[in-house]
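Please open the structure in a viewer and keep the selection panel at hand.

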Amino acid sequence: MSALTSTLQRLYGFWWIVLPPIVGSAVMAMIIGSIVVAPREIIEGDVQRLLYIHFPSILAAYGAFGVVFLASLVVLWKRDLRWDAVARGAATVGVLFTGLTLATGALWGKPIWGVYWTWDARLTSTLVLFLIYAAYLLARSMADELDEQAARFAAVFAVLGALDIPLVMFSVTWWRTLHPQPIVMRGLERPALPPEMLLVLMIAFLGIGALALWLGILRTEAEWLAKRTATLRAKIDRHEGA
Amino acid sequence: MTAILEAPILQTEALTKRYGGLDVVRQVAIALPAGSRTALVGANGAGKTTLLAMLSTLVTPTEGDATIVGHSLKARPAALRRAIGVLAHAPMLYEEMTPLENLGFFARLYGVARPEPRIEELLRAVGVWNRRHEATSVLSRGYHQRLALARALLHRPAILLADEPETGLDPEGIELLDELALRAPGLTVLAATHRVDRVETWATGLVRLDHGRVVEDTASVIGTPQGQVQA
Amino acid sequence: MSDTVGPAMAVVMKDLRLAWRDRAGWASAGAFATIAVLVYSFAFDLATGDIRPLLPGVLWTTFLFAGIFAGGQSFARESEEGTFDALLLSPVSPTMVYLGKAAANIIAMLVIEFLQLGLATILFDTNLVSLELLVIVFLGTVGSVSLTTLLSTMSASMRGRAMLLPVMALPLLVPLLIGAVRATGAALNVEVGAAPWTLLLAVAALWSAALSVLLFPIAVER
């Protein structure tokens with residue numbers, strides 16, 4: 001067992017105790033903060049409060065897709081199915097939060113732009129991202145847990161998908177652009193958001209980030225348990241017992 | 001004919017294949033002398049097919065390595081593939097092509113020098129010469145197997161790896177199989193088989209697998225990879 | 001040189017021969033493309049007066065679907081008959097096997113596409129047979145078919161591959177689709193903006209061809 005794996009396992013036991021309370025309180029703080037603490041935005045009104053889910057969600061999704069990419073490389077390199085479970089868990093979380101971004105974006109877009117959906121560059125690239133990783137999950141679920149070759153295929157597809165993202169971004173930006181430029185990142189010294197809003201947004205980053213991490217761990221754990229169950233079943237079939 | 005003890009032509013070291021925590025082939029170490037004919041026996045799921053698939057480079061071992069005619073599985077798979085002929089469950093033939101075209105194609109893949117006479121010789125030997133211009137799909141199961149045998153031997157491999165070679169063959173076909181492959185002089189054979197009744201008619205040794213492990217081995221010589229025999 | 005390219009050529013010739021013997025497979029892809037172009041032009045003609053601006057989209061969606069359909073089918077046979085194992089068992093490197101298969105698929109697909117260009121020329125009363133357009137079609141085909149050849153290899157053993165293949169391939173091919181549709185539009189004098197679309201198409205084609213060549217040996221390892 002590699003040092004990396006054992007370190008991760010130790011971290012894992014730690015997270016199991018610490019993460020649920022963090023997730024619970026941060027998400028609660030995020031909800032209360034975005035509804036009560038954050039001021040009503042003057043031009044856009046209450047619908048702007050979707051920002052606190054919308055923006056952290058897409059960042060969480062990107063983080064998850066990064067994990068899918070790295071875990072898939074390890075699957076191809078080490079042939080270790082534990083990393084297949086990690087990749088599947090992270091992909092599920094990524095798809096969930098990309099979907100959340102698209103859904104909140106649609107709700108936000110209707111009153112502000114007058115449409116739920118438009119083929120704007122960032123909307124399109126987010127949708128393509130959603131489709132790539134939904135296809136990944138679908139392809140992986142078509143074969144059984146222990147199918148090493150299917151895990152490799154899915155990993156190759158995940159690598160293709162990750163390397164496709166820059167090209168997708170680039171091509172759709174050439175194609176068209178409507179989405180507002182990020183407001184928070186405009187300069188770290190003087191952010192354009194009022195301080196209360198920024199505070200709530202920071203809490204939302206923590207809440208969504210912790211939630212994504214926790215869900216990812218739960219999914220990975222479930223995938224891994226399914227694999228172990230299948231292994232045990234195969235061993236029983238061979239009369240070796242557990 | 002007595003088997004001469006010499007450097008093993010096929011040697012495996014701790015060869016293991018693990019699928020999701022299950023050792024399908026576990027720590028297999030065998031060393032087959034050149035010209036020997038080994039029957040690989042064991043129950044269904046004992047790991048015979050996986051072992052053959054690893055030796056033919058189709059499946060990557062989880063652990064261990066094998067050396068065939070001096071080429072390591074890990075280091076020189078392409079050179080190793082040139083030295084082996086494989087007779088698998090499926091005949092591995094293109095159904096829409098004729099026997100002649102099938103062998104012609106594989107002769108090009110293997111870079112067989114002067115392929116025409118070699119193809120004719122083999123097609124005549126397996127009794128398919130008269131039907132060489134028909135589509136392979138119209139030929140019977142037995143003819144498929146005969147053609148598969150010709151395909152496996154086309155590039156004059158040093159070792160034949162066979163998985164249940166008797167399947168689908170009539171008595172006449174089995175005679176051909178014995179003559180051309182299992183009892184062919186100079187050819188080293190490793191064949192997984194269920195036909196335990198036939199083993200002593202052709203094999204010089206036997207390797208028995210159980211749950212992926214070697215439990216009986218009368219085929220191996222004790223030798224080093226460099227080829228020094230220590231009797 | 002000929003020693004390394006020779007086997008790839010053997011695979012190309014073998015696949016083209018099989019494509020010809022088993023014409024039904026590629027003919028059905030051609031028939032699918034024909035019916036798609038006909039139905040699109042008919043349906044869009046009902047909805048809008050001038051369908052010529054829609055032509056690039058019609059052509060490329062048709063080409064992509066026909067390519068995915070035909071590519072998946074050509075590989076399924078190879079996997080079912082076990083002959084793919086025979087290719088991997090030969091001393092030829094997997095990369096050469098891939099290049100041979102991809103080249104054969106590209107050639108067969110180009111034949112279908114040129115027939116569609118001829119058909120569309122008649123249907124839409126637009127000259128579609130120009131050097132510029134042939135280059136665009138060639139680039140788009142190399143890019144899309146190289147990727148679908150890889151994906152069909154991977155999904156050959158999976159359940160429900162007929163549905164899975166377009167679901168996997170099309171999102172990855174979005175940049176190529178944008179480049180191809182826009183470049184085709186530019187070639188047909190449809191208003192598409194000033195970006196160098198053929199360059200984008202070439203980059204997307206190179207991206208998918210290069211990655212497919214690199215990933216194929218890794219994908220077929222077991």
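The stops that follow take in one chain, then an interface, then a pair of regions within another chain. Please bear in mind that this is a predicted model.

**First stop: chain B**

Select chain B, which contains 7 helices and 11 strands. Its radius of gyration is 17 Å, close to the 17 Å that the globule rule gives for 231 residues, so chain B is as compact as a globular protein of that length. Turn the view along the principal axes: the C-alpha trace of chain B spans about 50 × 40 × 35 Å. Of the 231 residues of this chain, 48% count as buried. Among the contacts in chain B between residues at least 6 apart in sequence, 71% join residues at least 24 apart.

Select residues 161-172 of chain C, which form helix 7. This helix has 12 residues and reaches 17 Å from its first C-alpha to its last, close to the 16 Å expected at 1.5 Å a residue. Its buried residues include Arg161(C), Leu164(C), Leu165(C) and Met168(C). Also buried in helix 7 of chain C are Ala169(C), Leu170(C), Pro171(C) and Leu172(C). To see what covers the buried residues, display helix 4 (121-141) and helix 5 (148-175) of chain A, which are included in the cover. The cover also includes helix 3 (55-80), helix 6 (131-155) and helix 8 of chain C.

Select helix 8 (residues 174-187) and helix 9 (residues 197-220) of chain C, whose axes come within 8 Å and cross at roughly 145°. Helix 8 of chain C passes helix 9 of chain C in a left-handed crossing. On helix 8 the contact residues include Pro175(C), Leu176(C), Ile178(C) and Arg182(C), while those on helix 9 include Trp197(C), Leu200(C), Leu201(C) and Ser208(C). The residues of this contact divide into 11 nonpolar, 3 polar and 1 charged.

Note on methods:
Residues are numbered from 1 along each chain as its sequence is written. Chains are lettered from A and ligands numbered from 1 in the order in which they are written. This is a predicted model: local features need pLDDT of at least 70, side-chain atom pairs count only at pLDDT 80 or more; totals for chains, interfaces and linings use all residues. Axes are lines fitted to C-alpha atoms, for helices over the stretch in contact, and angles run from 0 to 180 degrees between N-to-C directions. Helices (H or I, at least four residues) and strands (E, at least two) are DSSP runs, numbered from the N terminus. A crossing is left-handed if the near helix is turned anticlockwise from the far one by less than a right angle, and right-handed if clockwise. Two residues are in contact if their C-beta atoms, placed from the backbone, lie within 7 Å. Ala, Val, Leu, Ile, Met, Phe, Trp, Tyr, Cys and Pro count as nonpolar, Asp, Glu, Lys and Arg as charged, and the others, Gly among them, as polar. The radius of gyration is taken over C-alpha atoms; the globule rule is 2.2 Å times the number of residues to the power 0.38. A residue is buried if 20 or more other C-beta atoms lie within 10 Å of its own, exposed if 12 or fewer, and partly exposed in between; C-beta atoms are placed from the backbone. The expected span of a helix is 1.5 Å times one less than its number of residues.
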